[in-house]
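Here are my notes on the model, in the order in which I would go through them with the structure open. Please check each point against the coordinates on your own screen.

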Amino acid sequence: MFNEYPLHVMLENLKHQVYKASLKLLEQGLVIYTWGNVSTIDRTSGLVVIKPTAVSYEELIPADMVVLDLEGNIVEGTLKPSTDTNTHLELYRNFKEIGAIIHSHSEYATSWAQAGRGIPPLGITHANFFNGEIPCTHPLGIKQVEKDLELETGKVIVNTFLSKNIDPMRIPGVLVYGHGPFCWGKDVTSAFDHTVVIEKVARMAYRTLALNNVSPVEKDILDHYFFD
Ligand SMILES: [Zn+2]
């Protein structure tokens, strides 16, 4: 991405993208207070740009964004990176095709996460963006919580996809048990789209199942409508 530009120019561009997506999360009601976080990665340099923690969205400026390497060493920035940084880094290390990650506590997606249920594909809206059920992870054990909650959260997401043989580019999001959604995409724009859509399909699935206990859409129909 943007390989023709010098690294510092590209990082400034990525900081702006993370900043703008962070504000849009608030505008669209997907987060409140300081919740949620956005990051993106330049795969050539291996550098990740992420929102800082504990700064209100109203006070946030692009220069506040923190730049880290994939091991979590801070390369640029004076603020503390998002508390979920180790989750983001674990996903970037394992899902090599993803270019951006967004975490929100949007209401309906979080409700499914708290219920410990994946979101079944009940219609074409879901099938356009997610090529099957959006999985919910297993709960973390007390040892994992005490060890490094954010890193272990990343590991349980990766394990969910590996154990079920799910391609993260075909199911670009997950529900972390008892917590909320993490979505990703090839860039910030697509990660944002998936963050909006996961909330939309979570709300529609909740209402659909309240009206009628229908079955998920068949695999060939899902494949037909998936926008690769
Ligand atoms: Zn969270």
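This is a predicted model: local features need pLDDT of at least 70, side-chain atom pairs count only at pLDDT 80 or more; totals for chains, interfaces and linings use all residues.

1. β6 (173-176) and β7 (180-185) form a hairpin with three residues between them, and Gly178 in the turn has a positive phi of about 70°. Helices (H or I, at least four residues) and strands (E, at least two) are DSSP runs, numbered from the N terminus.

2. Residues are numbered from 1 along each chain as its sequence is written.

3. Which way do the residues of β6 point? Gly173 and Leu175 point one way and Val174 and Val176 the other way, and all are buried. Buried means that 20 or more other C-beta atoms lie within 10 Å of the residue's own; exposed means 12 or fewer, and partly exposed is in between, with C-beta atoms placed from the backbone. In a regular strand the side chains alternate between the two faces of the sheet.

4. β7 is mostly covered, with six of its six residues buried. Ile101 stands opposite Trp184 in β7.

5. Helix α3 (residues 107-115) has Ala109, Trp112 and Ala113 as its buried residues. They lie on the same side of α3 because they cover an arc of only 100° around the axis; the arc is that of the directions from the helix axis to the C-beta atoms. The cover over these buried residues includes β6, β7 and α6 (188-211). After α3 comes Gly116, with a positive phi near 75°.

6. Helix α5 (residues 142-163) deserves a look. With 22 residues, its end C-alpha atoms are only 21 Å apart, short of the 32 Å that a straight helix would reach at 1.5 Å a residue. The expected span here is 1.5 Å times one less than the number of residues. There is a kink of about 120° in α5, centred on Asp148; the bend at a residue is the angle between axes fitted to the seven residues ending there and the seven starting there.

7. Which residues of α5 are buried? They are Thr153, Gly154, Lys155, Val156, Ile157 and Thr160. These pack against α2 (85-94), β6 and β7. Just after α5, Asn165 takes a positive phi of about 55°.

8. Is Ser39 buried or exposed? Ser39, in strand β1 (residues 37-42), counts as buried because 32 other C-beta atoms lie within 10 Å. Not counting residues up to four places away in sequence, Ser39 touches Val18, Val48, Val49, Ile50, His88, Ala100 and Ile101. Contact means that the C-beta atoms of two residues, placed from the backbone, lie within 7 Å. Ser39 and Val18 are 21 residues apart in sequence but 6.0 Å apart in space, C-alpha to C-alpha.

9. Lys24, in helix α1 (residues 7-27), counts as partly exposed because it has 18 C-beta neighbours inside 10 Å. Between Lys24 and Asp220 there are 34 Å in space, C-alpha to C-alpha, and the two are 196 residues apart in sequence.

10. On the whole chain: there are seven helices and seven strands. The radius of gyration is 17 Å, which agrees with the value near 17 Å for a compact globule of 228 residues; this radius is taken over C-alpha atoms, and the globule rule is 2.2 Å times the number of residues to the power 0.38. The C-alpha trace spans about 50 × 40 × 35 Å along its principal axes. Of the 228 residues, 39% count as buried. Among contacts with a separation of 6 or more, 65% come from residues 24 or more positions apart.

Terms used:
Two strands pair if DSSP finds at least two bridges between them.
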